[in-house]
Amino acid sequence: MKNIAIVLAGGTGSRMGSPVPKQFLDFDGSTVIEHSVKAFASHPAIDEVAVVVHPDWMEHAKRMFPAFRILEGGSERYLSTLNAVAAYLDCPDDTNLIFHDAARPWVSHEVIDRVVKALEKHEAVGVGIPSTDTVWEVRQEPSGDRFISRIPERKQMWRAQTPQAFRLWVIRDAYQRALQDPSFAATDDCGVVRKYMPEMKIHIVEGDEANRKITFPEDMEMGGRTGNTE
């Protein structure tokens with residue numbers, strides 16, 4: 001059973017307010033994306049790493065990562081996932097595709113260990129952390145006013161992280177079904193599997209508070225351990 005890590009770096013990072021996508025910004029002695037890639041490339045259970053990038057950054061990524069497969073990203077995140085799945089369709093169905101957001105440079109070997117271990121028994125694996133905040137479900141009325149419509153029990157609420165990992169056949173079939181739905185709206189990959197393959201149980205392993213996602217400029221200043229932490 002082969003483990004292929006796919007680092008998704010196709011976004012433009014518009015919320016950072018930078019002409020350079022956030023994944024290519026200098027960060028903690030390297031770039032954001034290099035930390036994320038290194039976390040998987042240095043893990044003994046990962047057999048191969050692929051990097052999905054925006055078309056405008058393909059050549060740059062090829063120079064940065066000459067040893068890895070560079071795939072073209074789509075205009076939306078789910079299209080980048082689809083391009084990655086398409087690149088591995090010739091692989092056996094029991095190949096594991098492990099998707100990780102490049103903007104989470106602090107992913108640790110411990111989290112990757114949990115995902116890989118879970119893949120020995122489960123065909124779909126998500127990473128999350130229990131919510132320490134109460135979560136509100138909010139309804140917005142035509143006037144624009146917002147009201148609380150439901151307060152789920154906090155102990156049942158987890159915050160999603162990446163990696164999210166699947167047998168090749170699972171993520172392939174889930175997206176095949178999704179693309180037949182005219183009302184398909186992109187979510188994360190676990191969301192696609194949950195909606196279009198409801199018979200598939202998605203096993204959850206615990207992530208790490210340090211496995212944060214860089215979204216805004218201030219996130220670059222928060223510090224934290226880098227992705228190759230063992």
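This is a predicted model: local features need pLDDT of at least 70, side-chain atom pairs count only at pLDDT 80 or more; totals for chains, interfaces and linings use all residues.

User: How many helices and strands does the chain have?

Analyst: The chain has six helices and eleven strands, where helices (H or I, at least four residues) and strands (E, at least two) are DSSP runs, numbered from the N terminus. Its radius of gyration is 18 Å, close to the 17 Å that the globule rule gives for 230 residues, so the chain is as compact as a globular protein of that length. That radius is taken over C-alpha atoms, and the globule rule is 2.2 Å times the number of residues to the power 0.38. Along the principal axes, the C-alpha trace spans about 50 × 40 × 35 Å.

User: And what share of the residues is buried?

Analyst: Buried residues make up 47% of the 230 in the chain; buried means under 20% relative accessible area, exposed means over 50%, and partly exposed lies in between (1.4 Å probe, protein chains only).

User: OK, new topic: how many salt bridges are there?

Analyst: The structure holds 13 salt bridges, each being a side-chain nitrogen of Lys or Arg within 4 Å of a carboxyl oxygen of Asp or Glu. One of them joins the side chains of Glu 48 and Lys 2, at 3.2 Å from N to O. This pair links distant parts of the chain, with Glu 48 in strand E4 (residues 48–53) and Lys 2 in the segment before strand E1 (3–9), 46 residues apart.

User: Which residue does Asp 101 pair with?

Analyst: Asp 101 meets Arg 77 in a salt bridge of 3.0 Å, again from N to O. Here too distant parts of the chain are linked, since Asp 101 belongs to strand E6 (residues 96–101) and Arg 77 to helix H3 (residues 77–87), 24 residues apart. Asp 101 is buried, with a relative accessible area of 10%, whereas Arg 77 is partly exposed at 30%. Salt bridges that share partners join Arg 77, Asp 101, Arg 104 and Asp 189 into one network.

User: Where is Thr 95 found, and what does it touch?

Analyst: Thr 95 is found in the loop between H3 and E6, and at 2% relative accessibility it counts as buried. Leaving aside residues up to four places away in sequence, Thr 95 touches Lys 2, Ile 4, Phe 166, Arg 167 and Leu 168, where contact means heavy atoms within 4.5 Å.

User: Last one: what lines the second largest pocket?

Analyst: Its lining includes Gly 126, Trp 158, Gln 164, Asp 188 and Ile 204, and by class the lining has six nonpolar, three polar and three charged residues. For these classes, Ala, Val, Leu, Ile, Met, Phe, Trp, Tyr, Cys and Pro count as nonpolar, Asp, Glu, Lys and Arg as charged, and the others, Gly among them, as polar. The largest share, four residues, comes from E10. On a 1 Å grid over the protein atoms alone, a pocket is an open set of points where a 1.4 Å probe fits, with protein on both sides within 12 Å along at least five of seven lines, and lining residues have an atom within 4 Å of a point.

Note on methods: Residues are numbered from 1 along each chain as its sequence is written. Side-chain values use heavy atoms; hydrogens and water are left out.
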